[in-house]
Amino acid sequence: MKKVAICLFALLAGTSFAMAGDAGCDSFKWPVTREQALFPAAPAAQSGATLAVGQAVDFSLAAVDVVSFEVPPQRAPAAGTFGATASVTVPPEGELQFSLSDEAWIDIVQDGHAVKSAGFSGVKTCPGIRKSVRFKLSAGPATVQLSGAKTPDLKVAVLTPE
C-alpha cells in the first residue's frame with residue numbers, strides 16, 4: 001500500500017510540474033506553440049545569415065565587440081556578451097514576430113533606422129522561449145540585430161503574428 005501511495009504521489013507531482021511548465025508558456029500575451037515546434041529542429045546559423053519568415057534558426061553568436069551592427073543597438077550591450085546580425089525580407093503584410101530562446105536584445109533596422117517594437121511579451125517560466133517581440137515594418141529588406149546575449153547560442157524564430 002505504501003508503494004502505491006508513493007507512486008501515486010510521484011505521478012501527481014510530475015503532472016503538476018508539467019502543468020506548471022505549460023502554464024508558464026501560456027503566460028505569453030500571444031501563443032508560442034509554433035516556436036515550441038520549430039526550435040528543437042532549428043538549423044545552425046552564423047552572424048550574417050538570411051532568415052526566412054516561418055522558420056527558426058539556432059545562431060552561433062560572436063562576442064558583441066566584434067559584431068558589425070548597422071546602427072548601434074538601442075540598449076548598449078554589456079561587455080562579455082554575444083550578438084549577431086541577419087537579414088530578412090519583410091512580406092507585404094509588414095508585421096513580423098521574432099521569438100528568442102533566451103535573454104538578448106533585438107533591434108530591427110530598416111532604411112538605416114531602428115524600428116520601435118509594436119509589442120513585447122516575455123516570460124521566464126516557459127522552457128526554451130524567453131521573449132517574443134512584434135514589429136510593424138515596411139515590405140522589403142530589413143536587418144535583424146541581436147545583442148547582449150549571455151551565452152554564445154540563441155534560437156530565433158521569425159513568424160507572422162497569429
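Predicted model: local features only at pLDDT ≥ 70, side-chain atom pairs only at ≥ 80, totals over all residues.
View 1. Gln 97 has Arg 134 as its bridge partner in β10. Residues are numbered from 1 along each chain as its sequence is written, and side-chain values use heavy atoms, with hydrogens and water left out. Back to the strands: β6 (residues 95–100) and β10 run antiparallel, joined by six bridges.

**View 2. The open six-stranded sheet.** Going across, the strand order is β1-β3-β12-β6-β10-β9, and the pairing is mixed. Two strands count as paired if DSSP finds at least two bridges between them. The edges belong to β1 (44–46) and β9, each with a single partner strand, so one side of each has no neighbour in the sheet. From one strand to the next, the twist averages 25°, using axes that are lines fitted to C-alpha atoms and angles that run from 0 to 180 degrees between N-to-C directions.

**View 3. β3 and its two pairings.** Strand β3 (residues 55–60) runs parallel to β1, with three bridges joining them. Ala 45 finds its bridge partner in β3 at Phe 59. With β12 (residues 153–159), β3 runs antiparallel, and six bridges join the two. Look for Asp 58 here: its bridge partner in β12 is Lys 155.

**View 4. The disulfide between Cys 25 and Cys 126.** The structure has one disulfide, meaning a pair of cysteine sulfur atoms within 2.5 Å. In this pair, Cys 25 and Cys 126, the sulfur atoms sit 2.1 Å apart. The torsion about the S-S bond is about 90°, so the disulfide is right-handed. Cys 25 belongs to helix α1 (residues 2–26) and Cys 126 to the loop between β9 (119–122) and β10 (131–136), so the link ties together parts 101 residues apart in sequence. Both cysteines, Cys 25 and Cys 126, are buried, that is, under 20% relative accessible area with a 1.4 Å probe and protein chains only; exposed is over 50%, and partly exposed is in between.

**View 5. Pro 77 in its loop.** Pro 77 sits in the loop between β4 (62–63) and β5 (82–90). At 28% relative accessibility, Pro 77 counts as partly exposed. Leaving aside residues up to four places away in sequence, Pro 77 touches Val 64, Ser 147 and Gly 148, where a contact means heavy atoms within 4.5 Å. Pro 77 and Ala 104 are 27 residues apart in sequence, with 9.0 Å between their C-alpha atoms.

**View 6. The largest pocket and its lining.** The largest pocket has 23 lining residues, and Arg 75, Ala 104, Trp 105, Ile 106 and Lys 131 lie nearest its centre. Elements giving two or more residues to that lining are β7 (105–110), β8 (113–115), β10 and β11 (140–149). On a 1 Å grid over the protein atoms alone, a pocket is an open set of points where a 1.4 Å probe fits, with protein on both sides within 12 Å along at least five of seven lines; lining residues have an atom within 4 Å of a point. The space in this largest pocket is about 440 Å³, taken as the space filled by probe spheres set on the points, which are joined across faces, edges and corners.

Notes. Helix = DSSP H or I, 4+ residues; strand = E, 2+ residues; numbered from the N terminus.
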